[in-house]
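Work through the exercises below with the sequence and the structure side by side. Try each task before reading its solution.

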Amino acid sequence: MDDLRELYQEVILEHVKNPRNKRTPADANRHAQGHNPICGDAVTIHLKVNGQGVIEDVAFDGKGCAISLASASLMTEELMGKTEVQAKTLFQTFQEMCTKDDPEIAQGVDDDTLDRLRVLSGVRLFPMRVKCATLAWHTMSAAVAGKNQISTE
Amino acid sequence: MNDATGSAAKIVRGDNSAQAFDVARVRADFPILSQTVYGRPLVYLDSAASAQKPRQVIEAMTQSYETCYANVHRGVHRMSQLATDAFEGGREKVAKFMNAGSADEIVFTRNATEAFNLIASCFGQVHLGTGDEIVISTLEHHANIVPWQLLRERLGVVIRVVPIDDQGNFLLDEYEALLGPRTKLVAVTHVSNALGTVVPVKRVIDLAHARNIPVLIDGCQAAPHMAIDVRALNADFYIFTGHKVYGPTGIGVLYGKRDLLNALPPYQGGGEMIASVTFEKTTFKEAPHRFEAGTPPIVEVIGLGAAIDYVTGLEQDAIAAHEAGLRSYAEERLSGVRGVRLIGTAKEKASIVSFVMDNAHPHDIGTIVDRAGVAVRTGHHCAQPLMERLDVTATARASIGLYNTRADIDTLAEALESVSEIFG
């Protein structure tokens with residue numbers, strides 16, 4: 001039960017009940033759909049990126065398990081105002097946190113952000129669920145790169 | 001070969017054989033059931049995905065490798081003869097298991113999926129063209145959808161889909177209305193893998209035959225739970241897979257009426273399937289060998305034979321009664337858990353219980369019950385069109401096998417209580 005409590009922390013359950021930025025902004029200029037064919041989880045990420053490469057708005061929509069929804073919701077909060085390069089760096093660090101006990105933290109990632117994302121690191125104890133946690137991030141990364149669709153398989 | 005492997009646990013004879021089904025003795029035959037996961041005893045409720053194997057199957061296969069193994073239908077030597085006898089003996093057992101008229105009507109494939117693809121390819125080649133219609137149902141597994149879609153791309157055939165009602169019942173009247181002058185094949189499941197619905201396949205076949213339309217039945221989820229009689233059904237083709245009837249992986253079964261099989265072209269070319277080969281012209285053997293190019297799954301067939309001996313030794317009616325009792329119990333127990341909604345409540349069902357919970361996604365359910373040692377399947381069950389019809393993205397599915405007990409169901413129900421606790 002301890003592992004389960006670490007996975008399903010209150011913060012995660014709260015994000016599931018009250019997801020942040022679950023909407024479709026009219027002025028978004030990058031979009032991507034992510035899909036996990038094993039479980040059917042689907043997420044759409046909308047970004048509004050300005051000429052300087054700053055993410056001015058980020059939102060999501062989708063259906064899925066608690067882990068994938070909470071991860072998408074948390075991600076939107078963290079990416080608001082970041083540059084595309086920062087978003088990519090954060091994704092790398094997040095992936096490390098989801099898979100390793102001793103993750104390598106990229107330079108320039110601030111401690112508050114790390115603390116907030118760390119609530120999802122319990123997923124490392126559940127290897128079958130890592131894709132749920134990273135689906136939104138993979139999709140965001142595809143949107144940044146100008147790809148419209150990704151699949152985690 | 002089976003003399004040395006020990007006989008399957010027999011039911012204890014009593015006034016009522018169903019009640020006398022000795023599940024404790026059955027469980028002792030399955031080595032994996034003594035495993036623990038996360039320190040908890042394994043509660044295996046995922047037999048519809050793949051069933052566990054009794055010692056008798058494992059030993060028959062090991063013994064085959066250790067004492068009577070060679071390639072089949074080739075050597076004049078003693079080992080080849082023994083292996084051929086054991087392999088063809090497996091075919092005889094399968095024929096008897098399905099009540100086929102002859103072992104020549106049993107084609108071995110890699111799995112059930114390959115059997116579907118074989119029919120799509122070979123039947124499609126000689127019997128189907130642009131505008132011809134194939135009737136399937138909303139309940140189908142992707143294995144009975146995608147091969148026909150590939151054929152649609154290749155030949156321009158049309159796929160018609162029989163609807164179901166909200167409970168998951170196959171709608172016979174709507175089915176009959178779909179049968180028309182262009183219908184060339186009906187391909188429907190006997191039992192839904194996602195919901196457990198039992199389709200009235202006898203009626204399905206009779207209605208098609210009244211219009212001279214042949215029928216293919218997907219028996220993957222039926223064969224583990226009920227006696228299959230292809231002649232009583234008058235099925236033209238009937239497919240099932242070894243690993244779901246407590247046999248090994250790597251072995252699928254395609255039954256086809258002899259005349260229908262012999263009217264089809266070969267599936268793949270190679271050794272084993274030819275009568276004679278010259279560089280100018282090759283002639284092919286009759287069924288089943290025509291469809292079995294290359295070295296077949298020899299030991300898998302022997303293992304499947306042992307699985308059939310095991311299941312028939314326990315008596316299929318007794319297994320069905322045991323599983324039906326557990327299914328009712330599971331439906332009652334699960335319905336008592338806050339937030340649980342059963343998906344698929346057809347009038348006639350096999351021992352599959354699909355469900356969702358109000359606040360927890362099936363994936364989260366699967367992870368949480370796993371930590372209690374309970375294995376259930378979560379997801380779309382390779383039946384995405386069915387999920388869409390029922391307006392769910394996924395379900396959790398507890399599927400019951402002959403080795404399950406009321407205690408297994410209790411453990412699942414208790415684990416679901418903790419899901420409910422976490423998600424509120």
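**Exercise 1.** State what share of chain A is buried.

*Solution.* Buried residues make up 41% of the 153 residues in chain A. A residue is buried if 20 or more other C-beta atoms, placed from the backbone, lie within 10 Å of its own. The model is predicted: local features need pLDDT of at least 70, side-chain atom pairs count only at pLDDT 80 or more, and totals for chains, interfaces and linings use all residues. Residues are numbered from 1 along each chain as its sequence is written, and chains are lettered from A in the order in which they are written.

**Exercise 2.** Decide whether the radius of gyration of chain A agrees with that of a compact globule.

*Solution.* Start with the rule: 2.2 Å times the number of residues to the power 0.38, with the radius taken over C-alpha atoms.

**Exercise 3.** List the elements of chain A in order.

*Solution.* Count first: chain A holds 6 helices and 4 strands. These are DSSP runs (helices H or I, at least four residues; strands E, at least two). From the N terminus the order is α-α-β-β-β-α-α-α-α-β.

**Exercise 4.** Find the strand order of the open sheet in chain B.

*Solution.* The order of the 4 strands is β13-β14-β17-β16, with antiparallel pairing. Strands pair if DSSP finds at least two bridges between them. At the edges lie β13 (340-343) and β16 (377-379) of chain B. Inspect β14 and β17 of chain B: 4 bridges join them. Phe355(B) stands opposite Ala396(B) in β17(B).

How values were computed:
A residue is buried if 20 or more other C-beta atoms lie within 10 Å of its own, exposed if 12 or fewer, and partly exposed in between; C-beta atoms are placed from the backbone.
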